[in-house]
Amino acid sequence: MAQTVEPKRRRGKLTLVLVIFQIIFLVLFGIFVEYGEDSDAKAEQNNLEHGNGGADAMDNRLGYYYPMFQDVHVMIFIGFGFLMTFLKRYGFGSVGYNFLLAAFVIQWATLMQGFLHLHHGKIQVGVETMLTSDFAAAAVLISFGALLGKVSHLQLIILGFVEIIFFSVNEYVGAGYFQTADVGGSMFVHVFGAYFGLAASRVLNKKSWEGSSKEGSVYHSDLFAMIGTVFLWMFWPSFNSALAPGDDQHRAVINTYYALASCCVTTFAVSAMVSKENKLDMVHIQNSTLAGGVAVGTCANMMIQPWGAMVIGVVAGTLSVVGYKWISPFLLSKVHLHDTCGVNNLHGMPGILAAIAGAIAAATAETSNYGYGLYEVFPARAPLVNSTALDTILDDFTVDAGSGRTAGMQAGFQLVALVITLAIAIISGMLTGLLLKIPILDQLTPDELYDDNNFWEVPEEDTHYVKVQVDDQMKGSMDELNGATNKTEKDTKM
Amino acid sequence: MAQTVEPKRRRGKLTLVLVIFQIIFLVLFGIFVEYGEDSDAKAEQNNLEHGNGGADAMDNRLGYYYPMFQDVHVMIFIGFGFLMTFLKRYGFGSVGYNFLLAAFVIQWATLMQGFLHLHHGKIQVGVETMLTSDFAAAAVLISFGALLGKVSHLQLIILGFVEIIFFSVNEYVGAGYFQTADVGGSMFVHVFGAYFGLAASRVLNKKSWEGSSKEGSVYHSDLFAMIGTVFLWMFWPSFNSALAPGDDQHRAVINTYYALASCCVTTFAVSAMVSKENKLDMVHIQNSTLAGGVAVGTCANMMIQPWGAMVIGVVAGTLSVVGYKWISPFLLSKVHLHDTCGVNNLHGMPGILAAIAGAIAAATAETSNYGYGLYEVFPARAPLVNSTALDTILDDFTVDAGSGRTAGMQAGFQLVALVITLAIAIISGMLTGLLLKIPILDQLTPDELYDDNNFWEVPEEDTHYVKVQVDDQMKGSMDELNGATNKTEKDTKM
Amino acid sequence: MAQTVEPKRRRGKLTLVLVIFQIIFLVLFGIFVEYGEDSDAKAEQNNLEHGNGGADAMDNRLGYYYPMFQDVHVMIFIGFGFLMTFLKRYGFGSVGYNFLLAAFVIQWATLMQGFLHLHHGKIQVGVETMLTSDFAAAAVLISFGALLGKVSHLQLIILGFVEIIFFSVNEYVGAGYFQTADVGGSMFVHVFGAYFGLAASRVLNKKSWEGSSKEGSVYHSDLFAMIGTVFLWMFWPSFNSALAPGDDQHRAVINTYYALASCCVTTFAVSAMVSKENKLDMVHIQNSTLAGGVAVGTCANMMIQPWGAMVIGVVAGTLSVVGYKWISPFLLSKVHLHDTCGVNNLHGMPGILAAIAGAIAAATAETSNYGYGLYEVFPARAPLVNSTALDTILDDFTVDAGSGRTAGMQAGFQLVALVITLAIAIISGMLTGLLLKIPILDQLTPDELYDDNNFWEVPEEDTHYVKVQVDDQMKGSMDELNGATNKTEKDTKM
């Protein structure tokens, strides 16, 4: 009989923490949050709707963003949630905590990101902020992947709360201050989420995390995980392009589509190569097939051409399988870095690859291959205000003044953003790991690892009534009954 | 050996009933149904498409409604279907009857709703009518949830057929005649469906419904159910906003998004509080997390502000968990009201809450906070025809004349619609329950409850070949073999 | 102990083949593939985006096609992938090879289809070509369905590569040269894919394919399959309408919606009729409910009226169930045609039905019931260039000159396209089957059929620790232990 956690230890703490945070969110929403102009009934543009036959209704920005928002939403809640159900006894925790954590984070991220972009002292919400809130949730869920099955729900909530603060600041610095291009969030979401989670995992590491028989899958849990994988894979073009305009969005969709296709094929090829007996490994298929979506995320809207996207997919798939096969075990044995879902292989290293690919693409971007679309992809490359170069453009087009950056400067800023992201993620992740060691936050006992039993009402197992057919060996000796077969008796109680 | 139903009892009845209904539908469609102007090749506007480079193609109303229609479609067929697969031995019935019932109802609802909105004696169909047909299916599927596992497929078909008649009339009275606002159908769909089903359940009640060991889940059936939950949760913003125009739609999306987020967090908090040992209960997570979507449904397009939506979510989540924990058992033991899926807790009470919230929001709606958008949300509040007030508006905008209602009057109508909905649902539900008692409709025997075996070809169970390792106790005594462990022999026949 | 395949036999071959193909794709993409004008940053129209407030962004064709593209994408990867997981021991292969094959094919189809539509020597890609690539993948996955569990992944890759060549040529001939209408691809995708796969299956046939106990489902594998079924069913309107413009698209959505609804109801009716004890059969529910989508595919955008679509659904559902019940067993026993998923019943015969329905609808299409929309559905029916008839139209509208076909001529071309499709599919499928017999391609041994074990790292089985309760019979005699029941011991290791 496994030792169940003594109820007193955790009594009411999750409830208390969630209630407190939810009240704080409510108060802050009441003070700061209002509808953006596209969703405010009294905004003048909406009054006008009656006047022209509903055409304005179709021009509401919701129509532009909503289909892709919902794709991203599915990635966050079904994609990440089910991808993590591969653990045989942690399905409730995987999909359940994913659900809780994401619902918690989208509220908090609305506030944190909003504080950094106040509009007359108010946070204006709409489908774009819902998108960026979902992206923020992705970062936390990636960190969750590194810690899956090893921390309590209480620790997860605290982690999510703290992570969003650093996440928002990092993105504000990188995308806002440094004007780095990262359309699919490969740096600001994937690299950040992965190394934040890994840093926390390293700090929290315990010997008991390794070698549990529960840290594995069963046949049907692997199929549940594939639901997550395939939804992530299909909708990744939306993730990488949702916030881009017009042709940039179209290009990001195309590039992601082909990067993922080549990455999937490569993953099968490499998985068969590295596995014993050339079998395919579900861990690779579930995860490494997605690495191409991460790796093309920074440059998805750049003019990398479909073949360029495919090269990135091939490299990412290879890197990711190699990571699962050799790098993760190496890090575990040498650095005591335990990474349940292998987020370093799916989000971490492919994210770094994305940053490098983005810098290379940025270094080669000129008006000769982008036209003035260059300033849509890289706003900082637009000429300085009042410059002759700007005036020439303004004769024919509308464009905002930029910082007059060269291609090389932009590439440099891309790499700087990567370094800053890594630094902030690792340092804040380690500090968060230390915070999570506070005893009141209920670290798990060895028995509670990778197991729903102690935190969920787990239904009685499927009771199998079996017919035992006894073979000769059994008849001869009762010591060893190996090989006895049994057959389900269908019509008895199931 | 369980007693299987004697085949003769049901021979051919389902086939006969479905064939008759399908023929009736075909004939009525042939007589009454035609394409709406957006889908009629010979409508003048469609002829013009060639003339302006495809721009008209993009103005077809399909483009506006279709993405949200598909989200709703997923809620109906995947959402409701899989949510109900939590029962350990009723997965085929849950997802299968859900499928049948919805496909049956969308045809019948097209006709019933169409008869109430005839256009020159014809029913014009298009993406909007597909949406309202799907909404009608939702009502029937909610009723199904109250009766899950306890009625035959034959009874379900009859129930669906009858329910749609009363459903359509009620909605016509409430939304049409009384001009009640209920953008997400919380009254007309959720309250109606829940109390119709509960009334039928009460009338049909049998002692044998209680205490079956099959009325529960197993580990993987709970995971299948989570597929339904999460798709419902993600796409609920579409459900609540699909038919609204422009900024109203955008606002309904935002409000539903935040109501669901706060409801999810609250559900976890309250579930952990009320469960023994502070564990989380999958029943709550699967269902109560969605109550916020119901509860915000009536006022989703009103200017309730995001914090208002979140308050509604918090109250709904709490109410729903409390319902599952205490109200359902109370109703079962005191009133003999058996509610398999707890639809009272997910749709019934949260729907009533929605109606009340809607009335409060209506009571505070003025042009000061809505602008002329007020008349988009509450058409009856627009000034009377030929009134000075209307003429003033018409100087600048196009608006249809209304009934000149005050805020208080509108709020009153909202409550009247709730009362009427409850009355019609309960009375027609009870009458339908009586109808379903007709012996020819095959009420289930106790043995057939919550069990696919008697109505589906159920595959042979997963046959487990196990190695039995015998412990000392077994060697000593054959009377008690408890504790014998066995290990699957992987390479034998599975 | 089952004999595992000796590793050497397949060592490295899958890896080698995938790597070679992926390199070829890369090179060909590098030489031929470029962004279409909607996704090319330097295209003039995209430069203009800045100039008019983002309105152009909304006019990008991505916005029109993308939501339906994603629906189709879900059908390809989730729909087909999970539909095939019904096999009890082939879940990894079903969803995994589906994934690999589709990712492989969408690259190759981009090239093959592109070569047939070169634009200044280049292949321009965009959301439309992504859609047609996904359609091509559907054809290959249908063929896969006929061969499920019976061929190696190596054989599948070769099959996919060869099939796409013939598929693309056939579609080019039928849709391009003969200007046949087939908006949902029922001929060019479904008929082609089904009979190509069946022809290959017939050529490859082995005695060992029949009678395996592994060629069946278990309870939860049937539920996984329903995920595929329901997603296919829901999104089929998108499949049949994605490439159509404006009202044609709207009409295709409506027709498919009602055809599927009536087909679903009919399938339940007929399944209950033909099964023993009038039970419902999951094979029918999983497959035949979809036949209406196939059967309405050719004429979905024609003016067949909703009742016409429903008639097609009823016929298709009936035909498909009858196929599963009697035709498949007949073909197996008489013609040795083994069809694992019954693609003849879901795609083959319903596709032929679609072609016939399309010819009938084409024979009755005139400007009296289509207006000038006639030339949108049947471009070849537009008057000849410089004809008086054309000039009359051009006074008011823009239309491309056609071939001046009559309704009867168009109907004839529709049937010719069916015959050609059948001929090319069957002949090329048989040749491909012969090719797949080359020993180096690793035909499966009898033991490897319908089984993941030999090609996938399959996790250890769910280990059930059971209490064996011994009944009297066991106590009396150790020879027969039938009837021993056991109860899971919940708190021991799972």
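1. A definition to begin with: Ala, Val, Leu, Ile, Met, Phe, Trp, Tyr, Cys and Pro count as nonpolar, Asp, Glu, Lys and Arg as charged, and the others, Gly among them, as polar. Keep it in mind as you look at this predicted model. By that scheme, the lining of the second largest cavity divides into 15 nonpolar, three polar and three charged residues.

2. Let's stay with the cavities for a moment.

3. Helices α5 (61-83) and α10 (219-241) of chain A, of chain B and of chain C each supply at least two residues of the lining.

4. Now for the nonpolar core. The largest one has 489 residues, and F231(A), F231(B) and F231(C) have the most contacts inside it. Beyond its neighbours within four places in sequence, F231(A) is in contact with F231(B) and F231(C), as well as V74(A), M75(A), I78(A), V74(C) and I78(C).

5. Finally, have a look at L346(C), which sits in helix α15 (residues 343-363) of chain C. Why does L346(C) count as buried? Because its relative accessibility is 3%, and buried means under 20%. Leaving out residues up to four places away in sequence, L346(C) touches L83(C), N287(C), L290(C), A291(C), V294(C), S320(C) and Y324(C). L319(C) is 27 residues from L346(C) in sequence, with 9.1 Å between their C-alpha atoms.

Technical notes: Residues numbered from 1 in each chain as written. Chains lettered and ligands numbered in written order. Predicted model: local features only at pLDDT ≥ 70, side-chain atom pairs only at ≥ 80, totals over all residues. Heavy atoms only, no water. Helix = DSSP H or I, 4+ residues; strand = E, 2+ residues; numbered from the N terminus. Buried < 20%, exposed > 50% of the residue type's maximum accessible area, 1.4 Å probe, protein only. Contact = heavy atoms within 4.5 Å. Core = buried A, V, L, I, M, F, W, Y, C linked by side-chain atoms within 4.5 Å.
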